[in-house]
Amino acid sequence: MRFNSRISNLIFLTVLYLGIIDQVCAINREAQGILIHQDTKKPIIFGEIYVGKEHQHIFTNDKGQFTYTKSREQFTRIIVRCMGYATKDTLIDNRSVGPIKIYLSPLSFRLKEVQVSAEIDDMGSATIIKSMAIDHIQASSFSDILQMQPGNLTTKPNLSEPNFIRLREAGYDTNSSLGVDFEVDGVSQSNDASFFTNTNAGVDMRNITTDEIESVEIITGIASAKHGDITNGKVIITEKRGETPLSVRLKTEPSSKLVSINKGIQLSNHWSWNISGGYLNSLNDPRTTLNGYTRLSQKNKWNYKKLTSETLKSFFIDLSLNQSVDNVKSDAEIIDGTQNYIKSRYTNISFAITHKIEKKRGFLRTFTWNINSRYTNNYREELKSLVSGATAVSISKEDGPSEGVYLPAIYDAYQTINDNPLQLNASVNANFYKKSFGMIHRIQIGGRWKGQKNTGEGENYNLSRPMNVPNNSQRTVTYPRILKDIPMYQTLSFYLTDDLTHEIAGMKIKHQIGIRGGVILGLSDKYSMSNSWIVDPRWNMTAEIYKGDILGKRSSLKLLGGLGIMSKLPTMAHLYPNTIYFQYQTLNFYSQNEQARRTDFWNQAIDPTNYEIKPSVNKKAEIGVQGRIGKTTFQITTFYEKNNSEFSVHTIPYNQKVQIYVEDKDNAPISTNKKPSLEQFSTQNISSNYLISNYNNNERKVKQGVEWNVSLPKLNTLNTSIRWSGAWFKTHYDNYNSDIKSYGIIHETHTNHIYGIFYNSENRIIQSLNSQLRFHTHIPKFGMIISTTIDNRIYSMTQTLYHDGLPDYYVDVNGDTNLYKDEHSTQLVLKELVHNYSDYNFMKREVPWESHIHLRMTKEIGRHMTCSFYANNIFNIENNYTNYHGQVISRNSTPYFGAEIKYKF
């Protein structure tokens, strides 16, 4: 025991001694430097600097000075990244004496090298797009930026309707965008608490402004465990902070006009203020104002930074206001002189406070806390003129019989909707750094509380003047409800990640290992997911498998891979659907004399809540290679994703026994000025079938594909760099919800319905193969860059998989569900439930190759003005083709132009 104790003491003293020696050596290797503006020769404050192989993260102070630790080799590599400046990667001779000076040049097309294309991250399949690339494509909304994503093509902007994101998918459904979260400077743009505006469809990208963006990261692969409540990806937007010149941007297109202004003011050595505003007006057709979209935005960001010898303290206060107006009007000269219209107004106010502490040394490197709130007012107003005939409606919410009212023959229906989601967030994050056993650990631990509530009044309209005229005596309807009465939706989540780096035989290997857990707080015990934790494990890896020379050029090859689970919780609309009312008109006694009319209804309230609903869970895997031969770089990634629990709408047959009233031939009521009584009619008990819908997890989706990026070295004689990217996507949509075919059975006094129930009948495959070839011609002497993009839609195909058209089950007139057998397809009534498909239904719908050429030019005039111009589809190859019906399809896309001027003071 004594021997073991001595050994332990010896080991402890040795480790302590080595640690002290290492610290002393580190102090002796310390050196100073200063970061300087290339043109003004002024110091650059709070610039970010990465030192050495381990990328030691340090900052300049309020005088532009920094202290770094020299490497043990002859040179120390220093990488400087500063907002608004070109990145500088340099080697510093460790023998130099005195403070080193590093000069940074502001971003400009007069620099020798500029980056106007997307960059590819090697961990988690992420695309990074910087501000200069965004400026060059002249984006009006975030949807314009997506053309730089592999597999996406340049499209004509359409701001007259919501723009939703789609990642790694050949087709589209609402789950595509619902499973992607947008985060702007730490504030989620989630729409999960909305009941009327883009419900269950994700974020409308029109509302995201682009002029303040410094960089965008689009994660399409397996995201870090830090990012949750997603299935398809994450978009992280970082906006500009700190001192920037006053910038005014004017843009014009045939269908839209944009004005924006922003400025970053250095208030003191520690405080800065970024202020920006913008206006965008778009018309679907510039020849008319009947369909338009307008966006107003204003943002304020107050930033505080203070650097001590070991610590950088940052404090951010963000306040932003965004408003958009989406109007659709009809022509009063066409519709009976009545000006029908829909007015939609979106107002968003967000507020955030972030405190961040960053240390140069020690186990704890970064500690961050953030609280933010986001309030949205979605207001909709609609007026329309309707023709009803002698249609009756019920205005009762009580179960059982009630008297209804007849609608006027022609009436104006007016409705307002106040849909006001409120989102509250509180998060904390800590980053740790540890070296042990030749491995470097960068550990993140964090958690988030999220509360969502809708504070709106919901719909408001006159029940006796409904917005839609019922078309039969049997119907299901919903009535207005107060949205603010719905309880708050609260979630709690935690995560742990370790970015692990080590070397084997001189080859560097990185792992990103993480786990995330989340739970819904306060959810009723009626729900099966109440008090259940959702756990998402995730893993990403890059391994350097070759490093050397090929054909005399420095080369490397990395293997990329990842596995993970990403889950999306149900939205408030999924958890708290509105009550459905079944209404059956039991009496319809109509008279020309309004006083002698009478109509009655049977009402039945139904709760459509699916208490078995669960999160949407996507399982993802990918593998790829990333390489470099000289200045040629390439990356190829293949992926496979499977989600067996996507959200969908399920149709359910119901049956109700109803007592109706029929005229008695011997005691028929006589039309007078008096309303008839029910005693004057005979009664009859009938059975009535009807349908309702609710939410479930019965949609299945499988996504697979290949993405590639190839960047060739610059052709110096032409000053042109070439980049080729593209993707093949194959998406299999398999909706296991019941498809219903109805057939009416007409009786003497009423009509009932029987239903054919089809499962797995909506089974289709969509494929696409797209590529994009970009030529960037950069002429630094003139401060000009010209980009030519060739979009190739090489192949696209849609196919519905075979189905025999026979129902799996049928519902008879009594509401009983029965197995549908082959012999039923020849019976007189039941054969009407069969879908009679032709061979054309299951043929491949293929569209052949088409190519489009787009041109973009940006030119700096002097040191303050930049002019840009683009011409989309200036040339195309779109040959006519014959479709599967034998029809000749003629294709002809029209060019689209735009220009802008940006002035920096």
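Reading surface patches and a buried serine

Author: I629 lies in strand β35, a strand being a DSSP run of E with at least two residues, numbered from the N terminus. This is a predicted model, in which local features need pLDDT of at least 70 and side-chain atom pairs count only at pLDDT 80 or more, while totals for chains, interfaces and linings use all residues. Residues are numbered from 1 along each chain as its sequence is written, and side-chain values use heavy atoms, without hydrogens and water.

Reader: Is I629 buried or exposed, or in between?

Author: Buried means under 20% relative accessible area, exposed over 50%, and partly exposed in between (1.4 Å probe, protein chains only). I629 has 33%, so I629 is partly exposed.

Reader: Which residues make the nonpolar surface patch?

Author: Patch residues have over 30% relative accessible area and no salt bridge; nonpolar side chains are joined within 5 Å, like charges within 9 Å. Here I545, Y546, I550, L551, L559, I623 and I629 make a nonpolar patch of about 620 Å². β31 (534-550) and β35 (616-629) each supply at least two of its residues, and the largest share, three residues, comes from β31.

Reader: Which residues gather in the patch of positive charge?

Author: R442, K508, K510, K547, R554 and R628 do, on the surface. R554 belongs to strand β32 (residues 553-568) and is exposed because its relative accessible area is 65%.

Reader: Where is S591 found?

Author: S591 sits in the loop between β33 (580-589) and β34 (598-606). With a relative accessible area of 7%, S591 is buried. A polar atom of the S591 side chain lies 3.1 Å from the backbone nitrogen of N593.

Notes: Accessible areas come from the Shrake-Rupley method with a 1.4 Å probe; for residues, only the protein chains shown count as cover. A salt bridge is a side-chain nitrogen of Lys or Arg within 4 Å of a carboxyl oxygen of Asp or Glu. Lys and Arg count as positive and Asp and Glu as negative; His and the chain ends are not counted. The place of a charge is taken as NZ of Lys, CZ of Arg, CG of Asp or CD of Glu. Helices (H or I, at least four residues) and strands (E, at least two) are DSSP runs, numbered from the N terminus. A polar contact is a pair of N or O atoms within 3.5 Å; within protein, one must be able to donate a hydrogen and the other to accept it, and residues adjacent in sequence count only if both atoms are side-chain atoms.
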